[in-house]
Amino acid sequence: MDRIFLSGLMEMQLRDGRNIRLCDGGFLEFGGNTYRSSDPDFGTIGSMEAFSEGVGDSVPAFKLTFLPASTAAASDISAPGMQGSIARFWIAEVDADTGLIIGDPDLMFDGQIDQTILRIGKSKRELDIDFVSTAERLFSINEGNSLNPRFHKVVNPGELGEDNATGLGVSVAWGVEAQGTASLTGLSAARAAVNGSRINAF
């Protein structure tokens, strides 16, 4: 009778080119890479929250606690440029006799690093990492991508179609250089009406 046990696999692709590949005991081969229980620089996984599904305008997220080998290693992951680094987690079935993974592991989470918190105390160094799903990018607002001449030329160099669309309260014929007649409102309109009546009186 085959003896099978479950093992967790984690891969973090840091934006500086380094990869962290960990499993929850011993070592395993998967996808041509070796997953070990400890990383020489970033240490081991101390604890991990259960995965949670997103509801409404929230996305799947969870927290993991690293036990880094040094404060320098923890600072590397906490650097601002590391936010958004890819992180994936799998559950694999492993043959207890051969130590080989059976079939394809189940991908449980595909996300990115959101934020980190380093907690240091007496004989303690822990790095809490919050992960969010890659769907978090859907909530990002890039206000620079707007309907204006400058951004239009970035996307379409040499295209001048937005040059007359300035957003001002002036009537402009699309695609021509001639300016239309501006309409007066508020105090300007009242002042013009008074001046006109004075001229007509004489």
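By contact I mean heavy atoms within 4.5 Å. On that basis, residues 24 or more positions apart account for 51% of the contacts with a separation of 6 or more in the protein chain.

This is a predicted model, in which local features need pLDDT of at least 70, side-chain atom pairs count only at pLDDT 80 or more, and totals for chains, interfaces and linings use all residues. Residues are numbered from 1 along each chain as its sequence is written, and side-chain values use heavy atoms, with hydrogens and water left out.

The protein chain has 3 helices and 9 strands, taken as DSSP runs numbered from the N terminus (helices H or I, at least four residues; strands E, at least two). Along the sequence the pattern is β-β-β-β-β-β-α-β-β-β-α-α.

Of the 202 residues, 23% count as buried, that is, under 20% relative accessible area with a 1.4 Å probe, protein chains only.

Now helix H1, residues 71-78. Its buried residues are Ala73, Ala74 and Ile77. Down the axis of H1 they fall within an arc of 100°, so they line one face of the helix; the arc is that of the directions from the helix axis to the C-beta atoms. They pack against strands S1 (4-13), S2 (19-23), S8 (101-121) and S9 (124-133).

Last, confidence: pLDDT is the predictor's confidence in each residue, from 0 to 100. The chain mean is 77, with 69% of residues at 70 or more. Over residues 197-202 pLDDT stays under 50, with 0 contacts beyond four places in sequence. Where pLDDT is low, the predicted coordinates should not be read in detail.

Notes
Buried < 20%, exposed > 50% of the residue type's maximum accessible area, 1.4 Å probe, protein only.
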